Amino acid sequence: MLDAEPAALSHQSAIRIASRKPNDGPVDEVIHIAVPAGRHVSARPGVVVHHRRTYDTDVHAHFTPPRVRFDDAVVDVAAQADDEIALVSILATAIGNRQTTADRLINVVGRRRRLRRRSLIVAMLEDVRDGTCSTLEHEYYVKVEKPHGLPSPERQAPTYTQRPGFRDLLYQRLGVAVELDGRLFHDSARARDRDLDRDLDAAVEQDLQTIRLGWGQSSVRACATAVKMGRLFVKNGWDGTPTPCSRPDCAVRRG
């Protein structure tokens with residue numbers, strides 16, 4: 001990196017060095033570096049160069065080696081994620097390790113004039129900050145339920161069990177409750193334990209089968225999820241049939 005100065009570790013490389021522990025061994029990986037916009041840096045094997053318009057404000061120049069600020073690096077990597085699952089994983093790791101907060105990352109996004117997947121990143125971060133999963137509920141509705149003609153549930157239905165609360169989606173007539181786990185990570189083992197107790201209560205007290213869906217099922221593999229949910233609903237008494245969405249490769253169309 002010395003021959004590219006001024007330069008700083010960027011993207012995955014900046015995150016990795018900020019997260020390293022004293023006993024971590026060497027890591028064989030592509031090195032990402034940032035240089036001021038407009039500079040020419042010769043290409044070299046194993047190095048990815050990012051030209052950064054806001055280099056002076058985004059870099060810890062006094063660190064050894066210099067590196068892009070952690071929050072900025074996380075947003076950079078999240079914006080380049082291949083899909084929603086990878087995006088969620090990046091944000092989950094950064095926030096779950098307590099190296100940053102949702103509000104700090106939202107502030108970084110707000111400073112960017114152009115950013116890929118801005119709306120989705122902000123929505124996910126706001127869900128984490130507010131302790132809700134509304135973004136995932138929206139994804140399920142627009143990618144699984146509506147385009148595939150699945151039955152409409154009661155949303156945020158009271159549990160009516162010994163543990164007060166709400167079920168994300170309730171198909172009472174079909175005996176199915178769907179919980180959309182939009183949290184990037186569970187708060188604790190205790191929170192996971194509460195979820196399992198609610199599922200057990202639903203089965204014992206209300207004869208409800210609880211299905212838990214995350215980002216993979218609700219967004220990335222929505223068509224396949226529609227096929228499976230349709231089969232479950234039919235098995236439980238639904239007299240409808242899932243319909244193919246507009247995607248030419250929709251799993252419902254393939255049967």
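This is a predicted model: local features need pLDDT of at least 70, side-chain atom pairs count only at pLDDT 80 or more; totals for chains, interfaces and linings use all residues.
**Entry 1. Helices H1 and H3**

I then turned to the geometry of the pair. Two packed helices are described by the angle between their axes and the distance between the axes. For helix H1 (residues 11–19) and H3, the axes come within 8 Å and cross at roughly 135°. That angle makes H1 oblique to H3, because oblique covers what is left once angles over 145 degrees are set apart as roughly antiparallel and 65 to 115 as roughly perpendicular, with those under 35 roughly parallel.

Next I listed the residues that meet. From H1 these are His11, Gln12, Ala14, Ile15, Ala18 and Ser19, and from H3 they are Phe70, Ala73, Val74, Asp76 and Val77. Sorted by class, this contact has seven nonpolar, three polar and one charged residues.

I also checked how far H3 is covered. Helix H3 spans residues 70–79, and ten of its ten residues are buried.

**Entry 2. The protein as a whole**

I counted the elements and found eleven helices and nine strands in the protein. Of its 255 residues, 46% count as buried. I then considered contacts between residues at least 6 apart in sequence, and 58% of these join residues at least 24 apart.

**Entry 3. The nonpolar cores**

Which residues have the most contacts inside the largest nonpolar core? That core has 57 residues, and the two in question are Tyr140 and Val178. A second, separate core has five residues, including Ala157, Ala177, Ala202 and Leu208.

Apart from its neighbours within four places in sequence, valine 178 is in contact with Asp168, Leu169, Tyr171, Ile211, Leu213 and Met229. Leu213 came up again when I looked at threonine 225, which is in contact with Val144, Leu213 and Gln217 once neighbours within four places are left aside. Threonine 225 lies in helix H10 (residues 222–235). Its relative accessible area is 7%, so threonine 225 is buried, since the limit for that term is under 20%.

Serine 134 and aspartate 168 are 34 residues apart in sequence, yet their C-alpha atoms are 9.4 Å apart in space.

**Entry 4. Helix H6 and its partners**

Helix H4 (residues 84–96) and helix H6 (residues 118–130) pack at an angle of about 45°, with their axes 11 Å apart. H4 is therefore oblique to H6. The crossing in which H4 passes H6 is right-handed. Glu84, Leu87, Val88, Leu91 and Ile95 of H4 meet Leu120, Ile121, Met124, Leu125 and Val128 of H6. By class I recorded nine nonpolar, no polar and one charged residues for this contact.

At what angle do H6 and helix H7 pack? The angle is about 130°, with the axes 8 Å apart, and H7 covers residues 134–145. H6 is thus oblique to H7. Here Leu120, Ala123, Met124 and Asp127 of H6 meet Ser134, Thr135 and Leu136 of H7. The classes are four nonpolar, two polar and one charged. I noted that Leu120 and Met124 of H6 meet residues of H4 and also residues of H7.

Serine 134 belongs to helix H7. Its relative accessibility is 41%, so serine 134 counts as partly exposed.

**Entry 5. Backbone exceptions**

Most residues other than glycine have a negative phi, and most peptide bonds are trans. I therefore looked for departures from this pattern.

Arginine 117 is not a glycine, but it has a positive phi of about 60°. Arginine 117 sits in the loop between helix H5 (102–111) and H6. Its relative accessibility of 24% makes arginine 117 partly exposed.

Glutamine 156, also not a glycine, has a positive phi of about 50°. Glutamine 156 is placed in strand E6 (residues 154–158) and is partly exposed, with a relative accessible area of 35%.

Where does proline 65 lie? Proline 65 is in the loop between strand E4 (59–60) and strand E5 (67–68). The peptide bond from threonine 64 to proline 65 is cis, with omega near -5°.

How values were computed:
Residues are numbered from 1 along each chain as its sequence is written. Side-chain values use heavy atoms; hydrogens and water are left out. A nonpolar core is a set of buried Ala, Val, Leu, Ile, Met, Phe, Trp, Tyr and Cys residues joined through side-chain atoms within 4.5 Å. Buried means under 20% relative accessible area, exposed over 50%, partly exposed in between (1.4 Å probe, protein chains only). Contact means heavy atoms within 4.5 Å. Axes are lines fitted to C-alpha atoms, for helices over the stretch in contact, and angles run from 0 to 180 degrees between N-to-C directions. Helices (H or I, at least four residues) and strands (E, at least two) are DSSP runs, numbered from the N terminus. A crossing is left-handed if the near helix is turned anticlockwise from the far one by less than a right angle, and right-handed if clockwise. Ala, Val, Leu, Ile, Met, Phe, Trp, Tyr, Cys and Pro count as nonpolar, Asp, Glu, Lys and Arg as charged, and the others, Gly among them, as polar.
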